[in-house]
Amino acid sequence: MPTGTPSWPLSAGALLAAAACLLPMAAVLLAAVTGSLETLSHLADTVLWRYTWTTAVLVVLVALFTAVIGTGTAWLVTMTRFPGVRVFEIALALPFAFPAYVMAYAYTDFLDHPGAVQTTLRSVFGWGPRDYWFPEVRSVEGAAIMLTLVLYPYVYLLARAAFLRESATANLAARTMGRGAWGAFWHVSLPMARPAIAGGVLLAVMETIADFGTVSYFGIQTFATGIYSSWFSLADRGAAAQLALCLLVFALFLAILERMQRGAARNHHAGKRFELMPPHILTGWGRIGAWAACGLPVLFGFVLPLVLLFEMGLRSEQDLFSQRYLGFIQNSVILAGTAAVVTVTAAALIAFNTRLHPVRLSFMAGHISRIGYAVPGGVIAVGLLVPFAFLDNSIDARMREWFGISTGLIFTGTITVLVMAYMVRFMAAALNTVEAGLGTVNPNTDAVARTLGRSPLRMVWSVHMPILRPSVFTALLIVFVDVMKELPATLIMRPFNFDTLAVQAHRLASDERLTGAAVPSLVIVAAGLLPVILVCRSIARQKRHRQPS
(Lines give C-alpha, C1' and ligand atoms only; values in the text may rest on other atoms or scores of the structure.)
Protein backbone atom coordinates (compact mmCIF):
# COMPACT_ATOMS: atom_id res chain seq x y z
CA MET A 1 0.00 0.00 0.00
CA PRO A 2 1.38 3.45 -0.74
CA THR A 3 2.34 5.50 2.25
CA GLY A 4 1.04 8.64 0.64
CA THR A 5 1.10 10.60 -2.57
CA PRO A 6 4.71 11.39 -3.41
CA SER A 7 5.80 14.89 -4.38
CA TRP A 8 5.87 15.64 -8.08
CA PRO A 9 9.62 16.40 -8.15
CA LEU A 10 10.37 12.91 -6.81
CA SER A 11 8.13 11.16 -9.34
CA ALA A 12 9.29 13.36 -12.21
CA GLY A 13 12.94 12.76 -11.35
CA ALA A 14 12.46 9.00 -11.19
CA LEU A 15 10.63 8.87 -14.54
CA LEU A 16 13.21 11.17 -16.14
CA ALA A 17 16.06 8.89 -14.96
CA ALA A 18 14.26 5.84 -16.36
CA ALA A 19 13.68 7.63 -19.67
CA ALA A 20 17.39 8.49 -19.86
CA CYS A 21 18.24 4.81 -19.41
CA LEU A 22 15.84 3.85 -22.19
CA LEU A 23 16.99 6.54 -24.64
CA PRO A 24 20.20 4.89 -25.96
CA MET A 25 18.42 1.61 -26.66
CA ALA A 26 15.62 3.41 -28.53
CA ALA A 27 18.16 5.49 -30.46
CA VAL A 28 20.15 2.41 -31.49
CA LEU A 29 16.97 0.75 -32.73
CA LEU A 30 15.92 3.83 -34.71
CA ALA A 31 19.37 4.38 -36.23
CA ALA A 32 19.66 0.71 -37.19
CA VAL A 33 16.22 0.59 -38.81
CA THR A 34 16.78 3.82 -40.76
CA GLY A 35 20.32 2.83 -41.81
CA SER A 36 21.15 1.68 -45.31
CA LEU A 37 20.29 -1.91 -46.15
CA GLU A 38 23.40 -1.97 -48.32
CA THR A 39 25.48 -1.55 -45.19
CA LEU A 40 23.73 -4.43 -43.48
CA SER A 41 24.16 -6.61 -46.58
CA HIS A 42 27.85 -5.74 -46.75
CA LEU A 43 28.29 -6.58 -43.07
CA ALA A 44 26.55 -9.93 -43.54
CA ASP A 45 28.81 -10.77 -46.51
CA THR A 46 32.07 -9.73 -44.85
CA VAL A 47 32.41 -9.55 -41.08
CA LEU A 48 29.11 -10.41 -39.41
CA TRP A 49 29.75 -14.16 -39.32
CA ARG A 50 33.27 -13.61 -37.97
CA TYR A 51 31.97 -11.29 -35.24
CA THR A 52 29.27 -13.79 -34.32
CA TRP A 53 31.57 -16.81 -34.25
CA THR A 54 34.34 -15.12 -32.22
CA THR A 55 31.92 -13.63 -29.73
CA ALA A 56 30.16 -16.99 -29.33
CA VAL A 57 33.45 -18.85 -28.76
CA LEU A 58 34.50 -16.32 -26.13
CA VAL A 59 31.13 -16.58 -24.40
CA VAL A 60 31.22 -20.39 -24.27
CA LEU A 61 34.81 -20.57 -23.00
CA VAL A 62 34.34 -17.89 -20.33
CA ALA A 63 31.02 -19.38 -19.19
CA LEU A 64 32.58 -22.84 -18.81
CA PHE A 65 35.78 -21.72 -17.08
CA THR A 66 34.13 -19.27 -14.69
CA ALA A 67 31.48 -21.83 -13.71
CA VAL A 68 34.08 -24.48 -12.87
CA ILE A 69 36.54 -22.21 -11.06
CA GLY A 70 33.98 -20.07 -9.25
CA THR A 71 31.77 -22.94 -8.07
CA GLY A 72 34.61 -25.26 -7.09
CA THR A 73 36.52 -22.68 -5.06
CA ALA A 74 33.34 -21.38 -3.39
CA TRP A 75 32.42 -24.88 -2.23
CA LEU A 76 35.94 -25.61 -0.98
CA VAL A 77 36.25 -22.51 1.20
CA THR A 78 32.66 -22.83 2.50
CA MET A 79 32.18 -26.56 3.06
CA THR A 80 35.70 -27.81 3.81
CA ARG A 81 38.57 -26.94 6.10
CA PHE A 82 42.27 -26.91 5.21
CA PRO A 83 45.23 -24.70 6.18
CA GLY A 84 44.87 -21.17 4.79
CA VAL A 85 41.16 -21.39 4.04
CA ARG A 86 40.50 -18.08 5.82
CA VAL A 87 43.00 -16.35 3.58
CA PHE A 88 41.52 -17.88 0.44
CA GLU A 89 38.01 -16.71 1.40
CA ILE A 90 39.14 -13.14 0.70
CA ALA A 91 41.98 -13.72 -1.75
CA LEU A 92 39.75 -15.51 -4.27
CA ALA A 93 37.75 -12.29 -4.75
CA LEU A 94 40.79 -10.05 -5.31
CA PRO A 95 41.12 -10.64 -9.10
CA PHE A 96 37.83 -8.73 -9.36
CA ALA A 97 39.92 -5.55 -8.94
CA PHE A 98 41.63 -6.08 -12.31
CA PRO A 99 40.06 -4.91 -15.55
CA ALA A 100 40.54 -7.64 -18.14
CA TYR A 101 42.52 -5.34 -20.43
CA VAL A 102 45.03 -4.65 -17.64
CA MET A 103 45.45 -8.40 -17.13
CA ALA A 104 46.05 -8.72 -20.88
CA TYR A 105 48.79 -6.05 -20.82
CA ALA A 106 50.62 -7.76 -17.94
CA TYR A 107 50.55 -11.26 -19.41
CA THR A 108 51.44 -10.14 -22.92
CA ASP A 109 54.60 -8.48 -21.64
CA PHE A 110 55.37 -11.67 -19.67
CA LEU A 111 54.52 -14.35 -22.26
CA ASP A 112 55.09 -12.72 -25.64
CA HIS A 113 58.16 -13.49 -27.77
CA PRO A 114 60.38 -10.80 -26.20
CA GLY A 115 58.91 -11.48 -22.74
CA ALA A 116 60.62 -13.02 -19.73
CA VAL A 117 59.29 -16.58 -20.22
CA GLN A 118 60.30 -17.12 -23.84
CA THR A 119 63.57 -15.23 -23.40
CA THR A 120 64.49 -17.53 -20.52
CA LEU A 121 63.57 -20.64 -22.53
CA ARG A 122 65.76 -19.55 -25.45
CA SER A 123 68.61 -18.72 -23.12
CA VAL A 124 68.48 -22.00 -21.16
CA PHE A 125 68.01 -24.39 -24.10
CA GLY A 126 69.82 -22.42 -26.77
CA TRP A 127 66.75 -22.33 -29.02
CA GLY A 128 66.35 -20.05 -31.98
CA PRO A 129 63.13 -18.20 -32.85
CA ARG A 130 61.79 -21.15 -34.90
CA ASP A 131 63.12 -24.03 -32.80
CA TYR A 132 60.15 -24.27 -30.46
CA TRP A 133 56.40 -23.76 -30.19
CA PHE A 134 54.81 -21.56 -27.56
CA PRO A 135 51.09 -20.83 -27.08
CA GLU A 136 50.02 -17.49 -28.54
CA VAL A 137 48.65 -15.25 -25.81
CA ARG A 138 47.07 -12.89 -28.36
CA SER A 139 44.35 -15.29 -29.40
CA VAL A 140 40.71 -16.07 -28.70
CA GLU A 141 41.80 -18.65 -26.13
CA GLY A 142 44.16 -16.15 -24.53
CA ALA A 143 41.40 -13.54 -24.32
CA ALA A 144 39.09 -16.15 -22.75
CA ILE A 145 41.71 -16.89 -20.08
CA MET A 146 42.22 -13.19 -19.33
CA LEU A 147 38.48 -12.65 -19.00
CA THR A 148 38.07 -15.78 -16.89
CA LEU A 149 40.75 -14.70 -14.42
CA VAL A 150 38.94 -11.42 -13.68
CA LEU A 151 35.32 -12.62 -14.02
CA TYR A 152 35.23 -15.91 -12.10
CA PRO A 153 34.71 -13.91 -8.83
CA TYR A 154 31.16 -13.20 -10.06
CA VAL A 155 30.42 -16.91 -9.77
CA TYR A 156 32.56 -17.36 -6.67
CA LEU A 157 30.82 -14.63 -4.68
CA LEU A 158 27.28 -15.64 -5.64
CA ALA A 159 27.93 -19.37 -5.20
CA ARG A 160 29.60 -18.80 -1.84
CA ALA A 161 26.64 -16.76 -0.64
CA ALA A 162 24.33 -19.56 -1.82
CA PHE A 163 26.35 -22.24 -0.01
CA LEU A 164 26.30 -20.15 3.18
CA ARG A 165 22.50 -19.98 3.02
CA GLU A 166 22.19 -23.67 2.29
CA SER A 167 20.18 -25.91 4.57
CA ALA A 168 22.38 -28.12 6.72
CA THR A 169 19.50 -30.60 7.07
CA ALA A 170 19.64 -31.70 3.42
CA ASN A 171 23.40 -32.16 3.54
CA LEU A 172 23.26 -34.11 6.77
CA ALA A 173 20.54 -36.36 5.32
CA ALA A 174 22.74 -37.07 2.31
CA ARG A 175 25.70 -37.86 4.57
CA THR A 176 23.66 -40.25 6.71
CA MET A 177 22.57 -42.08 3.55
CA GLY A 178 26.18 -42.89 2.75
CA ARG A 179 27.11 -39.96 0.52
CA GLY A 180 30.59 -38.62 1.06
CA ALA A 181 31.55 -34.95 0.93
CA TRP A 182 31.84 -34.99 -2.87
CA GLY A 183 28.62 -36.96 -3.24
CA ALA A 184 26.76 -34.44 -1.10
CA PHE A 185 28.22 -31.66 -3.24
CA TRP A 186 27.06 -33.19 -6.54
CA HIS A 187 23.63 -34.33 -5.40
CA VAL A 188 22.65 -31.66 -2.84
CA SER A 189 24.82 -28.53 -2.73
CA LEU A 190 25.21 -28.04 -6.48
CA PRO A 191 21.50 -28.38 -7.40
CA MET A 192 20.47 -26.03 -4.58
CA ALA A 193 23.02 -23.40 -5.59
CA ARG A 194 22.40 -23.77 -9.34
CA PRO A 195 20.33 -20.56 -9.77
CA ALA A 196 23.00 -18.47 -8.04
CA ILE A 197 25.76 -20.11 -10.09
CA ALA A 198 23.83 -19.54 -13.31
CA GLY A 199 23.30 -15.91 -12.33
CA GLY A 200 27.04 -15.44 -11.78
CA VAL A 201 27.87 -17.10 -15.11
CA LEU A 202 25.39 -14.87 -16.93
CA LEU A 203 26.93 -11.78 -15.35
CA ALA A 204 30.36 -12.96 -16.50
CA VAL A 205 29.00 -13.57 -20.01
CA MET A 206 27.49 -10.08 -20.16
CA GLU A 207 30.85 -8.59 -19.21
CA THR A 208 32.47 -10.74 -21.89
CA ILE A 209 30.31 -9.46 -24.72
CA ALA A 210 30.84 -5.91 -23.42
CA ASP A 211 34.64 -6.20 -23.30
CA PHE A 212 36.52 -4.00 -25.72
CA GLY A 213 39.98 -3.41 -24.25
CA THR A 214 41.13 -7.04 -24.18
CA VAL A 215 39.82 -8.14 -27.58
CA SER A 216 40.93 -4.97 -29.35
CA TYR A 217 44.44 -5.27 -27.93
CA PHE A 218 44.65 -8.94 -28.92
CA GLY A 219 43.37 -8.11 -32.41
CA ILE A 220 40.24 -10.24 -32.05
CA GLN A 221 37.20 -9.21 -34.06
CA THR A 222 34.02 -9.23 -31.99
CA PHE A 223 30.85 -7.15 -32.01
CA ALA A 224 32.44 -4.73 -29.52
CA THR A 225 35.45 -4.02 -31.76
CA GLY A 226 33.21 -3.96 -34.84
CA ILE A 227 31.08 -1.16 -33.38
CA TYR A 228 34.17 0.93 -32.65
CA SER A 229 35.71 0.27 -36.09
CA SER A 230 32.49 1.09 -37.93
CA TRP A 231 32.08 4.35 -36.03
CA PHE A 232 35.64 5.65 -36.23
CA SER A 233 37.61 3.77 -38.89
CA LEU A 234 34.80 3.53 -41.46
CA ALA A 235 32.82 6.59 -40.30
CA ASP A 236 29.65 4.56 -40.89
CA ARG A 237 27.16 5.29 -38.13
CA GLY A 238 24.51 3.10 -39.72
CA ALA A 239 26.79 0.05 -39.61
CA ALA A 240 27.76 0.84 -36.02
CA ALA A 241 24.10 1.11 -35.01
CA GLN A 242 23.18 -2.15 -36.76
CA LEU A 243 26.03 -4.02 -35.06
CA ALA A 244 25.05 -2.41 -31.77
CA LEU A 245 21.47 -3.60 -32.27
CA CYS A 246 22.66 -7.20 -32.74
CA LEU A 247 24.67 -6.98 -29.53
CA LEU A 248 21.82 -5.23 -27.72
CA VAL A 249 19.37 -8.03 -28.55
CA PHE A 250 21.78 -10.64 -27.21
CA ALA A 251 22.52 -8.57 -24.10
CA LEU A 252 18.84 -8.09 -23.31
CA PHE A 253 18.25 -11.82 -23.76
CA LEU A 254 20.99 -12.50 -21.21
CA ALA A 255 19.49 -9.89 -18.88
CA ILE A 256 16.14 -11.67 -18.98
CA LEU A 257 17.83 -14.99 -18.24
CA GLU A 258 19.73 -13.47 -15.32
CA ARG A 259 16.50 -11.99 -13.95
CA MET A 260 14.77 -15.37 -14.20
CA GLN A 261 17.67 -17.10 -12.45
CA ARG A 262 17.62 -14.51 -9.66
CA GLY A 263 13.92 -15.17 -9.14
CA ALA A 264 14.47 -18.93 -9.13
CA ALA A 265 17.21 -18.56 -6.55
CA ARG A 266 14.68 -17.42 -3.99
CA ASN A 267 12.98 -20.80 -4.11
CA HIS A 268 16.01 -22.97 -3.40
CA HIS A 269 16.91 -22.20 0.19
CA ALA A 270 14.64 -24.17 2.42
CA GLY A 271 15.53 -25.56 5.77
CA LYS A 272 17.21 -24.14 8.83
CA ARG A 273 19.30 -21.28 7.60
CA PHE A 274 21.31 -20.82 10.78
CA GLU A 275 22.01 -24.48 11.47
CA LEU A 276 25.75 -24.83 10.99
CA MET A 277 26.90 -27.43 8.48
CA PRO A 278 29.87 -29.36 9.91
CA PRO A 279 32.81 -28.71 7.54
CA HIS A 280 34.66 -31.60 5.98
CA ILE A 281 38.27 -31.68 7.19
CA LEU A 282 40.63 -32.29 4.27
CA THR A 283 43.79 -34.30 4.69
CA GLY A 284 46.54 -35.68 2.48
CA TRP A 285 45.93 -35.35 -1.25
CA GLY A 286 42.58 -33.67 -0.62
CA ARG A 287 44.35 -30.85 1.18
CA ILE A 288 46.92 -30.52 -1.59
CA GLY A 289 44.17 -30.50 -4.22
CA ALA A 290 42.26 -27.79 -2.35
CA TRP A 291 45.41 -25.70 -2.09
CA ALA A 292 46.00 -26.04 -5.83
CA ALA A 293 42.36 -25.36 -6.77
CA CYS A 294 42.19 -22.21 -4.65
CA GLY A 295 45.79 -21.08 -4.97
CA LEU A 296 46.15 -21.13 -8.75
CA PRO A 297 43.32 -18.64 -9.48
CA VAL A 298 44.74 -16.28 -6.83
CA LEU A 299 48.29 -16.70 -8.13
CA PHE A 300 47.49 -16.14 -11.80
CA GLY A 301 44.54 -13.78 -11.26
CA PHE A 302 46.05 -11.41 -8.71
CA VAL A 303 49.54 -12.06 -7.31
CA LEU A 304 51.47 -12.64 -10.55
CA PRO A 305 49.85 -9.84 -12.61
CA LEU A 306 50.30 -7.42 -9.72
CA VAL A 307 54.00 -8.30 -9.48
CA LEU A 308 54.35 -8.02 -13.26
CA LEU A 309 52.71 -4.59 -13.30
CA PHE A 310 54.99 -3.33 -10.55
CA GLU A 311 58.04 -4.62 -12.39
CA MET A 312 56.83 -3.12 -15.67
CA GLY A 313 56.10 0.17 -13.96
CA LEU A 314 59.63 0.35 -12.56
CA ARG A 315 61.05 -0.27 -16.05
CA SER A 316 58.79 2.29 -17.69
CA GLU A 317 60.43 5.43 -16.28
CA GLN A 318 56.92 6.94 -16.24
CA ASP A 319 56.43 9.57 -13.55
CA LEU A 320 53.02 9.13 -11.95
CA PHE A 321 53.34 12.56 -10.34
CA SER A 322 54.23 14.43 -13.52
CA GLN A 323 51.94 17.19 -14.70
CA ARG A 324 50.70 14.99 -17.55
CA TYR A 325 49.76 12.04 -15.34
CA LEU A 326 48.24 14.27 -12.72
CA GLY A 327 46.02 15.56 -15.54
CA PHE A 328 44.94 11.98 -16.38
CA ILE A 329 44.20 11.31 -12.72
CA GLN A 330 42.28 14.58 -12.41
CA ASN A 331 40.18 13.79 -15.50
CA SER A 332 39.47 10.28 -14.22
CA VAL A 333 38.47 11.53 -10.77
CA ILE A 334 36.27 14.30 -12.22
CA LEU A 335 34.47 11.86 -14.50
CA ALA A 336 34.15 9.11 -11.89
CA GLY A 337 33.09 11.48 -9.11
CA THR A 338 30.53 13.32 -11.23
CA ALA A 339 29.11 10.09 -12.65
CA ALA A 340 28.92 8.52 -9.18
CA VAL A 341 26.97 11.46 -7.73
CA VAL A 342 24.61 11.68 -10.72
CA THR A 343 24.03 7.92 -10.87
CA VAL A 344 23.43 7.43 -7.15
CA THR A 345 21.15 10.48 -7.03
CA ALA A 346 19.07 9.08 -9.90
CA ALA A 347 19.04 5.64 -8.25
CA ALA A 348 17.86 7.17 -4.97
CA LEU A 349 15.03 8.99 -6.77
CA ILE A 350 13.86 5.75 -8.37
CA ALA A 351 14.18 3.73 -5.15
CA PHE A 352 12.36 6.29 -3.01
CA ASN A 353 9.63 6.77 -5.59
CA THR A 354 8.99 3.01 -5.66
CA ARG A 355 8.99 2.91 -1.86
CA LEU A 356 6.59 5.83 -1.40
CA HIS A 357 4.33 5.09 -4.37
CA PRO A 358 4.50 1.35 -5.22
CA VAL A 359 2.38 1.35 -8.37
CA ARG A 360 3.03 -0.31 -11.72
CA LEU A 361 4.60 2.79 -13.29
CA SER A 362 7.13 3.07 -10.45
CA PHE A 363 8.12 -0.59 -10.71
CA MET A 364 8.38 -0.27 -14.48
CA ALA A 365 10.75 2.69 -14.06
CA GLY A 366 12.94 0.54 -11.82
CA HIS A 367 13.02 -2.34 -14.30
CA ILE A 368 13.85 -0.04 -17.23
CA SER A 369 16.64 1.60 -15.25
CA ARG A 370 18.34 -1.75 -14.73
CA ILE A 371 18.55 -2.57 -18.45
CA GLY A 372 21.81 -0.66 -18.84
CA TYR A 373 23.91 -3.12 -16.83
CA ALA A 374 23.41 -5.70 -19.60
CA VAL A 375 24.26 -3.27 -22.40
CA PRO A 376 27.91 -2.84 -23.46
CA GLY A 377 29.40 0.60 -23.13
CA GLY A 378 29.93 0.83 -26.88
CA VAL A 379 26.22 0.27 -27.54
CA ILE A 380 25.26 2.96 -25.03
CA ALA A 381 27.78 5.34 -26.59
CA VAL A 382 26.35 4.85 -30.08
CA GLY A 383 22.81 5.17 -28.74
CA LEU A 384 23.54 8.50 -27.06
CA LEU A 385 25.82 10.04 -29.68
CA VAL A 386 23.27 9.66 -32.48
CA PRO A 387 20.48 11.82 -30.95
CA PHE A 388 22.75 14.26 -29.09
CA ALA A 389 24.99 14.87 -32.11
CA PHE A 390 21.85 15.68 -34.10
CA LEU A 391 20.69 17.99 -31.28
CA ASP A 392 24.07 19.73 -31.12
CA ASN A 393 24.17 20.29 -34.87
CA SER A 394 20.57 21.55 -34.91
CA ILE A 395 21.19 24.07 -32.13
CA ASP A 396 24.40 25.26 -33.77
CA ALA A 397 22.69 25.66 -37.15
CA ARG A 398 19.81 27.65 -35.65
CA MET A 399 22.15 29.93 -33.69
CA ARG A 400 24.22 30.58 -36.81
CA GLU A 401 21.08 31.34 -38.80
CA TRP A 402 19.40 33.56 -36.22
CA PHE A 403 22.27 35.26 -34.41
CA GLY A 404 25.36 34.57 -36.52
CA ILE A 405 27.17 32.74 -33.70
CA SER A 406 28.30 29.15 -33.26
CA THR A 407 27.46 27.28 -30.09
CA GLY A 408 29.75 24.36 -30.90
CA LEU A 409 29.04 20.94 -29.44
CA ILE A 410 27.22 21.70 -26.21
CA PHE A 411 26.48 18.09 -25.28
CA THR A 412 28.81 15.80 -27.23
CA GLY A 413 31.75 18.20 -26.94
CA THR A 414 31.70 18.11 -23.14
CA ILE A 415 31.49 15.39 -20.52
CA THR A 416 27.70 15.80 -20.27
CA VAL A 417 26.72 12.91 -22.54
CA LEU A 418 29.62 10.78 -21.27
CA VAL A 419 28.37 11.12 -17.69
CA MET A 420 24.90 10.20 -18.91
CA ALA A 421 26.34 7.07 -20.54
CA TYR A 422 27.97 6.09 -17.26
CA MET A 423 24.68 6.62 -15.46
CA VAL A 424 22.87 4.31 -17.89
CA ARG A 425 25.64 1.69 -17.71
CA PHE A 426 25.98 1.54 -13.92
CA MET A 427 22.50 2.47 -12.71
CA ALA A 428 21.72 -1.14 -11.79
CA ALA A 429 24.71 -1.39 -9.44
CA ALA A 430 23.72 1.80 -7.64
CA LEU A 431 20.01 1.00 -7.56
CA ASN A 432 20.52 -2.51 -6.18
CA THR A 433 22.75 -1.16 -3.40
CA VAL A 434 20.35 1.65 -2.44
CA GLU A 435 17.32 -0.66 -2.52
CA ALA A 436 19.14 -3.21 -0.35
CA GLY A 437 19.71 -0.52 2.26
CA LEU A 438 16.18 0.81 1.93
CA GLY A 439 14.83 -2.70 2.50
CA THR A 440 16.22 -2.63 6.04
CA VAL A 441 13.99 0.33 6.94
CA ASN A 442 10.79 -0.91 8.55
CA PRO A 443 7.68 0.30 6.64
CA ASN A 444 6.16 1.26 9.99
CA THR A 445 8.83 3.96 10.20
CA ASP A 446 7.29 5.65 7.17
CA ALA A 447 3.82 5.50 8.69
CA VAL A 448 5.02 7.05 11.96
CA ALA A 449 6.81 9.85 10.10
CA ARG A 450 3.70 10.63 8.07
CA THR A 451 1.46 10.72 11.14
CA LEU A 452 3.90 13.25 12.63
CA GLY A 453 3.29 15.51 9.66
CA ARG A 454 6.38 14.79 7.58
CA SER A 455 5.98 15.36 3.83
CA PRO A 456 7.44 12.69 1.52
CA LEU A 457 10.56 14.70 0.74
CA ARG A 458 11.14 15.66 4.38
CA MET A 459 10.68 12.03 5.41
CA VAL A 460 13.23 10.93 2.82
CA TRP A 461 15.74 13.53 3.96
CA SER A 462 15.32 13.31 7.73
CA VAL A 463 14.38 9.64 8.22
CA HIS A 464 15.63 7.52 5.33
CA MET A 465 18.90 9.23 4.41
CA PRO A 466 20.55 8.97 7.86
CA ILE A 467 19.82 5.22 7.88
CA LEU A 468 20.93 4.80 4.25
CA ARG A 469 24.23 6.66 4.61
CA PRO A 470 26.39 3.47 4.51
CA SER A 471 24.47 2.09 1.51
CA VAL A 472 24.72 5.38 -0.36
CA PHE A 473 28.46 5.56 0.33
CA THR A 474 28.90 1.99 -0.91
CA ALA A 475 26.93 2.77 -4.08
CA LEU A 476 29.04 5.89 -4.70
CA LEU A 477 32.22 3.89 -4.29
CA ILE A 478 31.11 1.05 -6.59
CA VAL A 479 30.07 3.42 -9.39
CA PHE A 480 33.24 5.50 -8.93
CA VAL A 481 35.47 2.46 -9.43
CA ASP A 482 33.39 1.07 -12.32
CA VAL A 483 33.74 4.39 -14.15
CA MET A 484 37.50 4.42 -13.51
CA LYS A 485 37.74 1.04 -15.31
CA GLU A 486 35.25 1.72 -18.14
CA LEU A 487 36.97 1.89 -21.53
CA PRO A 488 34.73 1.59 -24.64
CA ALA A 489 32.25 4.35 -23.76
CA THR A 490 35.11 6.62 -22.68
CA LEU A 491 37.05 6.02 -25.89
CA ILE A 492 34.05 6.79 -28.09
CA MET A 493 32.51 9.71 -26.19
CA ARG A 494 35.29 11.59 -24.40
CA PRO A 495 35.78 15.24 -25.40
CA PHE A 496 38.81 16.15 -27.47
CA ASN A 497 42.06 16.12 -25.47
CA PHE A 498 40.28 14.78 -22.37
CA ASP A 499 42.02 11.50 -21.62
CA THR A 500 41.66 9.31 -18.55
CA LEU A 501 43.89 6.67 -16.97
CA ALA A 502 42.02 3.91 -18.81
CA VAL A 503 42.39 5.70 -22.16
CA GLN A 504 46.09 6.37 -21.53
CA ALA A 505 46.71 2.71 -20.64
CA HIS A 506 44.87 1.61 -23.79
CA ARG A 507 46.79 4.06 -26.00
CA LEU A 508 50.20 3.01 -24.66
CA ALA A 509 49.34 -0.68 -24.98
CA SER A 510 48.09 -0.16 -28.55
CA ASP A 511 51.47 1.39 -29.35
CA GLU A 512 53.16 -1.70 -27.80
CA ARG A 513 54.50 0.42 -24.94
CA LEU A 514 53.36 -2.08 -22.34
CA THR A 515 55.73 -0.97 -19.60
CA GLY A 516 54.28 2.53 -19.85
CA ALA A 517 50.73 1.16 -19.74
CA ALA A 518 51.53 -0.49 -16.38
CA VAL A 519 51.61 2.83 -14.50
CA PRO A 520 48.00 3.99 -15.13
CA SER A 521 46.90 0.34 -14.88
CA LEU A 522 48.28 0.08 -11.33
CA VAL A 523 46.27 3.13 -10.26
CA ILE A 524 43.10 1.60 -11.73
CA VAL A 525 43.74 -1.71 -9.93
CA ALA A 526 44.39 0.09 -6.63
CA ALA A 527 41.03 1.85 -6.94
CA GLY A 528 39.35 -1.44 -7.87
CA LEU A 529 40.41 -3.09 -4.61
CA LEU A 530 38.06 -0.88 -2.57
CA PRO A 531 34.71 -2.42 -3.61
CA VAL A 532 36.23 -5.91 -3.45
CA ILE A 533 37.11 -5.33 0.20
CA LEU A 534 33.57 -4.09 0.85
CA VAL A 535 32.06 -7.19 -0.74
CA CYS A 536 34.34 -9.49 1.25
CA ARG A 537 33.38 -7.73 4.49
CA SER A 538 29.71 -8.12 3.63
CA ILE A 539 30.10 -11.87 3.07
CA ALA A 540 32.11 -12.18 6.29
CA ARG A 541 29.23 -10.55 8.18
CA GLN A 542 26.81 -12.97 6.53
CA LYS A 543 28.95 -15.88 7.67
CA ARG A 544 29.09 -14.57 11.24
CA HIS A 545 25.29 -14.27 11.28
CA ARG A 546 25.10 -17.90 10.21
CA GLN A 547 26.94 -19.04 13.32
CA PRO A 548 24.64 -20.53 15.99
CA SER A 549 23.99 -18.36 19.01
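Predicted model: local features only at pLDDT ≥ 70, side-chain atom pairs only at ≥ 80, totals over all residues.
**Q118**

I looked up Q118 and found it in helix α6, residues 116–125 (helices are DSSP runs of H or I, at least four residues, numbered from the N terminus). Q118 is buried, at 7% relative accessible area (buried is under 20%, exposed over 50%, partly exposed in between, with a 1.4 Å probe and protein chains only). Leaving aside neighbours within four places in sequence, I list L111, D112, H113, Y132 and F134 as its contacts (heavy atoms within 4.5 Å).

**Salt bridges**

I found ten salt bridges in the structure (a side-chain nitrogen of Lys or Arg within 4 Å of a carboxyl oxygen of Asp or Glu).

I checked D112, which pairs with R138 at 3.1 Å between the closest N and O atoms. D112 sits in the loop between α5 and α6 and R138 in the loop between α6 and α7, so the pair ties together parts 26 residues apart in sequence. D112 is buried at 17%; R138 is partly exposed at 22%.

R138 also meets E512 in a salt bridge, 2.9 Å from N to O. E512 lies in the loop between α21 and α22, so this pair ties together parts 374 residues apart in sequence. I noted E512 as partly exposed, at 44%.

Note on methods. Residues numbered from 1 in each chain as written. Heavy atoms only, no water. Helix = DSSP H or I, 4+ residues; strand = E, 2+ residues; numbered from the N terminus.
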